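Me: Please take a close look at one part of this model, the packing of a pair of helices, and then go on to the aromatic rings.

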Amino acid sequence: MASLVVFALAFLVRLVCLVQVSSSPMFTVLMGDAMGYDAWAQQIAAGNWLGDSIFYQAPLYPYLLATIYTVVGHDLFAARMFQIVLGSCGCVFLAWTGRLLFRNPTGLIAGLLLALYPPAIFFDLIIQKGSLGLFFSTLLLLLLARASIRPNPGILAAVGATLGLFALTRENALILAAVILVWLLLNPSSEPYSMRRTRPKWFLLGLFAVLLPVGARNYKVGGQFLITTSQFGPNFYIGNNPNAQGLYESLRPGRGDPRFERLDATELAEADTGRPLSPKEVSDYWTDRALAY
C-alpha cells in the first residue's frame, strides 16, 4: 500500500506539471543536448539502428527515445509520459531500499521526498537522460540492498546488468564497478571467504553481458572495441585543464553545442599531432593533456 501511495503521488505531481508546461514554447522547442538526443533518436527510428560510427555520447537514452518514436511516432508528449513512469518507479525503488536497509517509515519518507523533489520532477519533464539516470541509480541501490541481505547469483548478476545499463546512460557510473567489487569481497556475512570471493564473477557476468555487445557493435562499425563511448578524454580534459573553472566550456570558444563536440575534439587533436587519429586515439590525446596538466 505504501509503495502505491509513493508511486501515485510521484506520478500525479509529474503529470500535473507536464500538463501545465505543455502549452509552453519550451515544450516543443529543443535546445542543446535535448536537440541532439531527439535528432539522433529520429535517425535510429528511421532505420539506422546499428549506426555508422563509434558511440561518442552515451547511447541508451537516444535508443529509448527511438523505440518510443517507432511505436507512437515522433511524440514528445509520449516520451515525457514514459519518463514520468520511470521517475515514479524510481521513487518506489528508493522507498523499497529504505525499507530493506532500515525500516518501513524510513523507506516511505525517502520515497515521498523523492516524489516531491523539484529537480527530479524537472528532469522527468524534459528531453534529457536525467530521468533514465535516476531510474537506474535507484534500481541499483535497491539491488545492492537486496544483495547485502541475500547475495545469490541472480541478484549479483542483476546488479552488474543494472550498472551496465547505467553506464550506457552515464559513462562515469562505471567507476562504481570497482567500489562494488571491493564491497562484494569485504561485505561481512555468515558465508566463508571462499564463497564470498565467488560473488564478483556473477556481478561481472551481468555487467559484461550488457557492455560486451556494445563493444562488439563499436568494433564492427568503427574498428575499435570500446565498451561504452570514446568521449572520456575530451570530457576529462574539459574538467581538468589550466583554464577549467568547474563549468562546461567547449574546446573551441563559442562551440558549446553537442553537434560540434566530437568534430572539435578530433580536429584539434589531429592538428596538434599532425596525423589522422582514431576515436580512441583522440580520447587518449585529451586524456594525456589532462594528466600532463
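Reply: The axes of helix H7 (residues 130–149) and helix H8 (residues 153–167) come within 9 Å and cross at roughly 160 degrees. Axes here are lines fitted to C-alpha atoms, for helices over the stretch in contact, with angles running from 0 to 180 degrees between N-to-C directions. The helices themselves are DSSP runs (H or I, at least four residues), numbered from the N terminus. The crossing angle makes H7 roughly antiparallel to H8, a term for angles over 145 degrees. H7 passes H8 in a left-handed crossing, meaning that the near helix is turned anticlockwise from the far one by less than a right angle. On the H7 side the contact (heavy atoms within 4.5 Å) involves residues including Gly 133, Phe 136, Leu 140, Leu 143 and Ala 147. H8 contributes, among them, Ile 155, Ala 158, Val 159, Thr 162 and Phe 166.

This is a predicted model, in which local features need pLDDT of at least 70, side-chain atom pairs count only at pLDDT 80 or more, and totals for chains, interfaces and linings use all residues. Residues are numbered from 1 along each chain as its sequence is written, and side-chain values use heavy atoms, with hydrogens and water left out.

Turning to the rings, a search of the whole structure finds 14 aromatic pairs. Rings of Phe, Tyr and Trp (its six-membered ring) pair if their centres lie within 6.5 Å; planes under 30 degrees apart count as stacked, over 60 as edge-to-face and the rest as tilted. Trp 40 and Phe 55 have ring centres 6.0 Å apart and planes at 50 degrees, so this pair is tilted. The pair links distant parts of the chain, 15 residues apart: Trp 40 lies in helix H2 (residues 32–45), and Phe 55 in the loop between H2 and helix H3 (60–72). Both Trp 40 and Phe 55 are buried, that is, under 20% relative accessible area, whereas exposed is over 50% and partly exposed in between (1.4 Å probe, protein chains only). Ring pairs also join Trp 40 and Phe 55 with Trp 49 and Tyr 63 in a cluster.

Phe 122 and Phe 123 form an edge-to-face pair, 5.3 Å centre to centre with 80 degrees between the planes. Phe 122 is partly exposed at 48% relative accessibility, and Phe 123 is partly exposed at 36%.

Note on methods:
Helix = DSSP H or I, 4+ residues; strand = E, 2+ residues; numbered from the N terminus. Parallel < 35°, antiparallel > 145°, perpendicular 65-115°, else oblique.
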